[in-house]
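Take a look at the structure below. This report walks through some of its charged pairs, its nonpolar cores and a patch on its surface.

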Amino acid sequence: MGRQFGRLWAAYAVSAYGSGLGFGALPLIAVLALHAGPAEVSALSAVGPAVGALIAVPLAPWVEFRRKRPVMITMDLARFAAMATIPVAYALGRLGFAQLLVISAVVAAAKIAFNAASGAYLKALVPPDDLLVANARFESTNWSSIAVGPPLGGAAIGLFGPVTTVVADAVSYLLSALGITAIRGREEAPRPTGKGPVRAGALLDGWRHIMGHPGLRALYLNHMLVAGLIMATEPLLAVLLLRQLGFPPWQYGLAFAAPCVGGLIGSRLARRVVARYGRHAVFRTVGTLRAIWLIGLAFVRPGIVGLVTVMAVELAIIINMSLYTPVLATYRLEHTPQHLVARTLSAWSVGQQASIAVLTALAGLLADVTSPRTALTVAGLLILTTPLLLPRHDHTPQHAPELDHSHS
């Protein structure tokens, strides 16, 4: 798909592998270095992203009406600077929980802005017929990075201390920024429509587009709940596996890393499955299958049986998620006009982060009052209701936005 896409993909891969090494780094640091409990770990996973989502709301029009490469570089550098403060503070003996909260918020806001800019840039860079392939490549890279990164990260933490992987994650953002800088070719400045980005309504245009499109609306509501409930289990599992069941960090990393091989399978199948069964069938069937396995985490036990249980549940979820996600990402880009892409993707990410924040906080409170296992059970039961929100019909308007490429 061309040298420019190759460089964008390479920059994404470097950042993804750095994040894979640092998978769950902030909850791990909170547990191992700051001795945080379930409520604090859940707050770290909830409050930071929630504040980051609020910061990202006014950023959306700013991203929309600027060249996307400089925005992506700026967001990478912001994440590098934020993450780099952790090893410095740790070395000086000044690392605190409040600092982790602030860093979590900065990284979350920068991630939303980066993803909005990269999605808009990808739609302008790649021909429409290649969007699914491009999204599948990003998806497979993401899962392969999680397959390789956490075991190495867990081993590094065991050998060199809890902030080791944060250094690798920070450096990966710097390398990603350098990779995006290397992309050649002039990027045209977006031309504002209507009254321009300064009007207050521009902040809400992404949500208006999503909620006004029947297919996107159903997928958005479903995605918020599924993502929120799945991510709410991460801090609960950190406490359950590391503290209550006594798993060493390398086993904790392995439990999430090995099943990510399934991500390579699902993402590689996406184009063939869509060609054979249609996109709507993927949304209904695979969208349901990715939600039914989470309840299995409530049955985790100590030792090898518990490790295998976590890996089996994660494998089933990841195969279906990795098939579903690039299809969803492509549908979202195809059904969004170019001048709304950044705001639509920002709105989508803000909703997702808000849902993750709220559900993670509630799960943490429930775990504090009862136990992490009880909270995992409740999350597993609630997610079984989410397929009811999936679109029942193929909502593709006769004059769909994907037919309008005048802004590309």
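Start with Arg343. Its relative accessible area is 4%, so Arg343 counts as buried. Keep in mind that this is a predicted model.

**Salt bridges**

What does Arg343 pair with? Arg343 forms a salt bridge with Asp205, and the closest N and O atoms are 2.8 Å apart. This pair links distant parts of the chain. Asp205 sits in helix α8, Arg343 sits in helix α14, and 138 residues separate them. Side chains of opposite charge can pair when their charged atoms come close.

Asp205 has another partner. The side chains of Asp205 and Arg208 also meet in a salt bridge, at 2.8 Å from N to O. Why are Arg208 and Asp205 separated by about one helical turn? Both lie in helix α8 (residues 205-212), and they are three residues apart.

Is Asp205 buried or exposed? Asp205 has 11% relative accessibility, so it counts as buried, the cut-off being under 20%. Arg208 is partly exposed, with a relative accessible area of 47%.

Glu64, Asp205, Arg208 and Arg343 are linked by salt bridges.

How many salt bridges does the structure hold? The structure holds five.

| Pair | Distance, N to O |
|---|---|
| Arg79 and Asp76 | 2.9 Å |
| Arg208 and Asp205 | 2.8 Å |
| Asp205 and Arg343 | 2.8 Å |

Now take the pair of Arg79 and Asp76. Both residues are buried. They lie three residues apart in helix α4 (residues 68-91), so about one helical turn separates them.

**From Asp76 to helix α7**

Asp76 has a further contact. The side chain of Ser176 makes a polar contact with the side chain of Asp76, at 2.7 Å. Ser176 is found in helix α7. Its relative accessibility is 1%, so Ser176 counts as buried. Which residues does Ser176 touch, not counting those up to four places away in sequence? They are Ala11, Val14, Ser15 and Asp76.

**A nonpolar patch**

Helix α7 (residues 164-181) gives the largest share of the patch, four residues. Val171 is located in helix α7. With 37% relative accessibility, Val171 counts as partly exposed. Ser176, in contrast, counts as buried at 1%.

**Nonpolar cores**

Next, the inside. The largest nonpolar core has 32 residues. Which of them touch the most other members? They are Leu237, Leu241, Tyr252, Leu294 and Ile383. Several helices supply at least two residues each: α9 (214-244), α10 (249-257), α13 (303-334), α14 (341-369) and α15 (372-382). The largest share comes from α9, with ten residues.

Tyr252 is worth a look. Leaving out residues up to four places away in sequence, Tyr252 touches Leu28, Glu234, Leu237, Ala238, Leu241 and Leu242.

There is also a second, separate core of 27 residues. Among its members are Ala113, Ile183, Val341 and Ala342.

Key. Residues numbered from 1 in each chain as written. Predicted model: local features only at pLDDT ≥ 70, side-chain atom pairs only at ≥ 80, totals over all residues. Heavy atoms only, no water. Buried < 20%, exposed > 50% of the residue type's maximum accessible area, 1.4 Å probe, protein only. Core = buried A, V, L, I, M, F, W, Y, C linked by side-chain atoms within 4.5 Å. Contact = heavy atoms within 4.5 Å. Polar contact = N/O pair within 3.5 Å; in protein donor to acceptor, adjacent residues only side chain to side chain. Salt bridge = Lys/Arg side-chain N within 4 Å of Asp/Glu carboxyl O.
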